[in-house]
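Here is a walk through one protein model. Keep the sequence and the coordinates in view while reading.

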Amino acid sequence: MEKLNSKDITEPDSLALEKQAGSTLDVNIKHEGELKREVQSLTICKDVCGVDSDNGHEDIGEKVGHSEIVESKATEEKLDNGIGNNDTGNMDNNKDLSLKASGEKLDELIEHDERKNKDGEWDSKDQEETDENLDRNLRGEQPDPVFDGTEVPEMEANQAEGSVWPEKARKVKNFVKQKSIVAVTSVLHRLSGKGSEVEHGAPVNEDVGGSDSRNGEVAEVSPKTTEKSVWNPLSYIMSRASDAENKVEQGFCKESLLPIAMKGRVIVYTRLGCQDCREVRLFLHKKKLRYVEINIDVYPGRKAELEKFSGSCTVPKVFFNEILMGSLSELKNLDESGKLAEKIDYLVTEEPSFEAPLPPLSDEDDVSSKGPIDELALIVQNMKGTIVVKDRFYKMHRFTNCFLGSEAVDFLSEDHYLEREEAVEFGQKLASKLFFRHVLDENLFEDGNHLYRFLDHDPIVSSQCHNILRGIIELKPKPISEISSSMQFLTYAIFEAYASEDGKHVDYRSIHGSEEFARYIRIIQELQRVELQDIRREEKLAFFINLYNMMAIHAILALGHPTRPLERRKLLGDFKYVIGGCTYSLSAIQNGVLRCNQRPPYNLLKPFGANDKRLEVAIPYPEPLVHFALVCGNRSGPALRCYSPGNIDKELMESARNFLRSGGLIVDEKAKVAYASKILKWYSVDFGNNEVEVLKHVSNYLEPGDSEALLQLLAETELKVIYQPYDWGLNC
């Protein structure tokens, strides 16, 4: 080793450090009982080899990369001083010897790592000291490492440039690959500042349901400080086991909360706006009994059945199979006497007889799937089966599933015995009814070589829209007011039956299997070709807010709850409905329609372009209170409720008061601190031009005392604003 040090002229610092690291590890192996000396040696090793204090893994790649950087710098200095070819050859030889020696030391590090894993974890006190040392190193002036999952790590990039890559170094590289998942993740957690927060409609990386929000910690936001993100790019290569743990932490039902497995069936008759019905639901939930609800307002045909079985139409009424258990008070009496447990045992073992009430049938009492057939839709169906629909080239671009205008004119003229000009006019009528459109929106419909595409053949509609799965419906489009009224009624019934009374928790499992949700799926199919241009502002607000909240539930049931930023991007931006011939995502509804085409947070582009037809649907000016009404399934979001066109402004103000007074904005007058929801930060442009204007705006919805204190602190310019961590966990 001394001979090697005397010959090494390219990287003396690197080999000296390696020697120091190797000698330290030898001391650790021989004297395992001396914790103090072991901690000191670990501190030296971290400074040299980049030990990950959280997992006890040595960052070998950083050491090799550091050696090569020192070596390249020394090589450049010698070349600048006029070193000849012979000297260069000696440098190559020395480099090979250096790398060989480095490989031997790195083998020792690997062996030490294996011995350490066998011996157990470090002592907690020593671990804290090593964490502090690592924090001090991380606060140095060295540049932060960059690894976003797409760039080649520095060690692999340098491999192609070197003259010889020793076999042991290759082993080291494989070792680093195996250990880097945990090690680099811990380092990135410490080094990462504010990550990429770009998303369709909401930031994706800020406090992503992480430990900060679960532990109740508050992250301060100010121009001088940097927020830490609990997400980093390496989360995509973590194991499936960690994914399962995250799902449990973010609100998925644990085993102890699952309902009782039973052969029998519980039927509950309810109606809208009934307080006893709400309490019956809570009672059955506490008993872990899964039930089927029959709302006689939603299913009016069941009133006669209820009167037949119970002798009256009063609700609630609970049935265990064919046995009438009675109302809420009767259930409580049975529970107090201990007889309810016997009835539950009967449910577990006995199947329902033919005399028991049946769950709601598909399409029962549903008028949404009924109506006159649209003759134009039948013509279009016949047209699809006749003309040639295939991929074609147009203006140097390839378009899928298109047909020529001339072929459509030929079909219409032959099928309906029309002159060519009359066939063109009839084709324009079909296009105006949104059955098909020009691939580039250059015209409505013309004869010739123009390319057109049916609505359900559009690649975005067919792949991302979830209300046109079976193609264009054959019913005549209903007025938007009628569809909005039906959706409002059904939304109210779903939220009352499957959401908590405060609107903060949703029973997604029960919604997915309910007939009410199946009816909702049928209703949204009627939006395919509906006219939206003439709808009033109040109707538009209520319709799109209710649609957004139900659409978010639909997206979670279809795609699952997003646990990672890109999954949230997919849910908010790629899950769509086709409404009035145009596609709308959750982000397009929120930022394009309800915010009057405002840019989403941390985005540069607006949702709708200058020539976008959806601009006609956007409300005339942004409504900031919609942020207290839109719920996309997160714990930190507002409460879930149904909105009506007649009282939309009043209901939005109630939602704002409920959200802000229940923790959305907390004013600590003594500490002169305001703890605000990050919704006020992300969408601050809707509330005011700066932070002071935002707080003044929302102070109108606080309690009078809190509002006065907040305004006083703002007037004294002594207020400090801290934004609360945002919990992205599922609101189940």
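Phe 403, Phe 436, Phe 445, Tyr 452 and Phe 454 are joined into a cluster by ring pairs. Rings of Phe, Tyr and Trp (its six-membered ring) pair if their centres lie within 6.5 Å. This is a predicted model, where local features need pLDDT of at least 70, side-chain atom pairs count only at pLDDT 80 or more, and totals for chains, interfaces and linings use all residues. Residues are numbered from 1 along each chain as its sequence is written, and side-chain values use heavy atoms, leaving out hydrogens and water.

The count of aromatic pairs comes to 19. Take Phe 628 and Phe 659: the ring centres are 5.4 Å apart and the planes stand at 35°, so the pair is tilted. Planes under 30 degrees apart count as stacked, over 60 as edge-to-face and the rest as tilted. This pair links distant parts of the chain, 31 residues apart. Phe 628 sits in the loop between α24 (586–594) and α25 (648–664), while Phe 659 belongs to helix α25. Helices (H or I, at least four residues) and strands (E, at least two) are DSSP runs, numbered from the N terminus. Both Phe 628 and Phe 659 are buried, that is, under 20% relative accessible area (1.4 Å probe, protein chains only).

Now the helix packing. The axes of α16 (residues 405–415) and α17 (residues 420–432) come within 9 Å and cross at roughly 110°. Axes are lines fitted to C-alpha atoms, for helices over the stretch in contact, and angles run from 0 to 180 degrees between N-to-C directions. The two helices, α16 and α17, are therefore roughly perpendicular (65 to 115 degrees). Residues in the contact (heavy atoms within 4.5 Å) include Val 409 and Leu 412 of α16, and Phe 426 and Leu 430 of α17. By class, this contact has six nonpolar, three polar and two charged residues. Ala, Val, Leu, Ile, Met, Phe, Trp, Tyr, Cys and Pro count as nonpolar, Asp, Glu, Lys and Arg as charged, and the others, Gly among them, as polar.

Next, α19 (residues 480–498) and α22 (residues 537–559). Their axes come within 10 Å and cross at roughly 50°. The contact of α19 with α22 has eight nonpolar, five polar and no charged residues.

Finally, the whole protein. It has 28 helices and 15 strands. Buried residues make up 48% of its 732 residues.

Technical notes. Parallel < 35°, antiparallel > 145°, perpendicular 65-115°, else oblique. Buried < 20%, exposed > 50% of the residue type's maximum accessible area, 1.4 Å probe, protein only.
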